[in-house]
Amino acid sequence: MQRLNSLLSRALQLMTLCCILLLSKAYSQTFSSDIPLLQPQHLTAEYWLAKVADADQVLLSVEQINEFNRQTFLQQPEMLAISEIPMSRSASELSAVLQKVSAPPGSARFFADGRQLGAADWVPLLQQLNPEAIQADNPTRFGLVTQRALMRAVPSELRVFNEAMALDLNRFQETAVFVGEPVAVLHQSLDGNWLLVQNYHYTGWVPTTAIALGRREQVLAYADAKPFLVVTGARAKTNFVPGQAAISELQLDMGVRLPLLDAAVLGHNIHGQNPHASHIVQLPVRDANGQLVLVPALIGRNQDVVTGYLPYTTRNVVQQAFKYLGQRYGWGYDYNSVDCTGFLVDIFRTFGLLMPRNSGEQGYGGFGQNQRFDESLPVADKLAKVHNAKVGDFIYRPGHVMLYLGQSQGEPFVIHAVYDLAYYQADGQFYRGTLNGVAVTPLTPLYLSEEQSYLQRLYNIKSLR
């Protein structure tokens, strides 16, 4: 019986692949791309999943994921559970945090008009760090994020760039925080408009208006509340509520976790709407004094959400990744989007898996199963390692990470949030274009520069299983 089921499953996969190829043939009449080797069928999750025999096998159970996270936090010094963050910091400790987060970089920065930031430009930025407010003892406050907000290296909305002047890449931009996320508040800017906050894997400045301050116990209880709902779409939103902008059509990003409430307790009228066709969630709201208030809100059942975490399977990994396909690249979550590591962090949060924020911390970090190799390893040996990777593995080069999709006609393909596109054309000319989005690409043709290919710079393949 087991063999029969396996044969039937394989037959279904082949039928699915045939359907995809037929549809792609019709679509290819209007399909045009400057990405080498890319075909229309490569832009569907189903094409890649049809090649995976065990796509629905659970890779890690809930208990195994909890243990995986525990080990990750032990192995990665940049990660710290909110419950473990110190209740206060000395003057020297807080000053060290400010220095690490907000010190002027070692390389030059430029405004959009090409003018380089000089010492006079840094003066008001450094004043905003508010070092005079640091006391001998600095108590930690706690809060919940009430709206998606960007986290920056300095308490400012200025956009600055490196010498290459890629104007989509704001070098003051670091990452983002998301609705319902618990944070520790370490310090406040001179004008009071920014808070220096620490979440489980990053520290930086966020707008004060995005944080509701509460008691530590209340914040931690909210983050651990069960049952809970997880956003599994690239985005979801709450239902419209007249006169309550804080909870009306609020954007919720992939991986956001919110406590679920019960209509049997709250009643069948939530903000003037019957909740029978919606999920009732508890949202953090900031009152007039910046304090935390918890209120019910509705998320329609038409939204891409689930109760509890998604099962961690190859099918779910690939399907989650393709929900971002075509979205514009967002350095540090800028442009209401994702970058290469944010792309993976969001996908894997839907399974309850946590990881470091930056690609270097991920790629060189010890968590997961790593096939780490020297960059000087011959390209043929690196390619052999890639061919042995499993669908859903992470492939790292310095400063970038990709999600492995499998092979098409012997060529390994990846999906990734990526800015540049460069390769050698058939006539030997070097082509430089742009991707600037979440894209499916082959791996071996891509180049960083005329001298270095992606494949030459690969240094790790990581599995979370």
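**Entry 1: a rule to start from**

I count a salt bridge when a side-chain nitrogen of Lys or Arg lies within 4 Å of a carboxyl oxygen of Asp or Glu. With that in hand I went to Arg148 and Asp253, which form such a bridge with their closest N and O atoms 3.0 Å apart. Arg148 sits in the loop between β4 (141-145) and β5 (149-152) and Asp253 in strand β13 (residues 251-253), so this pair ties together parts that are 105 residues apart in sequence. I remind myself here that I am looking at a predicted model.

Are the two partners buried or exposed? Arg148 has 17% relative accessibility and therefore counts as buried, because the cut-off for buried is under 20%. Asp253 is buried as well, at 4%.

**Entry 2: the whole protein**

I stepped back for an overview. The protein has 12 helices and 24 strands. Its C-alpha atoms fill a box of roughly 65 × 60 × 40 Å along the principal axes. I then checked the radius of gyration: a compact globule of 465 residues would have a value near 23 Å, and the 24 Å of this protein agrees with that.

How much of the protein is buried? I noted that buried residues make up 52% of the 465. The accessible surface comes to about 20,900 Å², and carbon and sulfur atoms hold 52% of that surface.

For the charges, I have 36 positive and 39 negative ones, and their mean positions are 5 Å apart.

**Entry 3: back to the salt bridges**

A reminder to myself: side chains of opposite charge can pair when their charged atoms come close. How many salt bridges does the rule give? The count comes to 11. I looked up two more of them.

The side chains of Asp334 and Arg159 meet at 2.8 Å, N to O. Asp334 lies in the loop between α8 (314-322) and α9 (340-349) and Arg159 in the loop between β5 and β6 (173-177), so the pair ties together parts that are 175 residues apart in sequence. For accessibility, I wrote down 6% for Asp334, which counts as buried, and 28% for Arg159, which counts as partly exposed.

Asp304 and Lys323 also meet in a salt bridge, at 2.9 Å from N to O. This pair links distant parts of the chain, 19 residues apart: Asp304 is in the loop between β16 (292-300) and β17 (305-307), and Lys323 is in the loop between α8 and α9. Asp304 is partly exposed, with a relative accessible area of 30%. Lys323 has 32% and counts as partly exposed too.

**Entry 4: Val206 and its surroundings**

Next I picked Val206, which belongs to strand β9 (residues 203-207). Its relative accessibility is 0%, so I list Val206 as buried. Which residues does Val206 touch, leaving out those up to four places away in sequence? I found Leu150, Met151, Val177, Asn193, Trp194, Leu195, Val197 and Ile211.

I checked one longer distance from here as well. Leu283 is 77 residues away from Val206 along the chain, and their C-alpha atoms are separated by 19 Å.

I went through some backbone angles next. Where is there a cis peptide bond? One joins Lys226 and Pro227, with omega at about -5°. Pro227 has its place in the loop between α6 (216-224) and β11 (228-231).

Then I turned to positive phi. Leu37 has a phi of about 70° although it is not a glycine. I located Leu37 in the loop between α1 (2-27) and α2 (45-49), and with a relative accessible area of 48% Leu37 is partly exposed.

Tyr333 likewise has a positive phi of about 70° without being a glycine. Its place is in the loop between α8 and α9. Is Tyr333 buried or exposed? I get 2% relative accessibility, so Tyr333 counts as buried.

Methods:
Residues are numbered from 1 along each chain as its sequence is written. This is a predicted model: local features need pLDDT of at least 70, side-chain atom pairs count only at pLDDT 80 or more; totals for chains, interfaces and linings use all residues. Side-chain values use heavy atoms; hydrogens and water are left out. Helices (H or I, at least four residues) and strands (E, at least two) are DSSP runs, numbered from the N terminus. The radius of gyration is taken over C-alpha atoms; the globule rule is 2.2 Å times the number of residues to the power 0.38. Buried means under 20% relative accessible area, exposed over 50%, partly exposed in between (1.4 Å probe, protein chains only). Accessible areas come from the Shrake-Rupley method with a 1.4 Å probe; for residues, only the protein chains shown count as cover. Lys and Arg count as positive and Asp and Glu as negative; His and the chain ends are not counted. The place of a charge is taken as NZ of Lys, CZ of Arg, CG of Asp or CD of Glu. Contact means heavy atoms within 4.5 Å.
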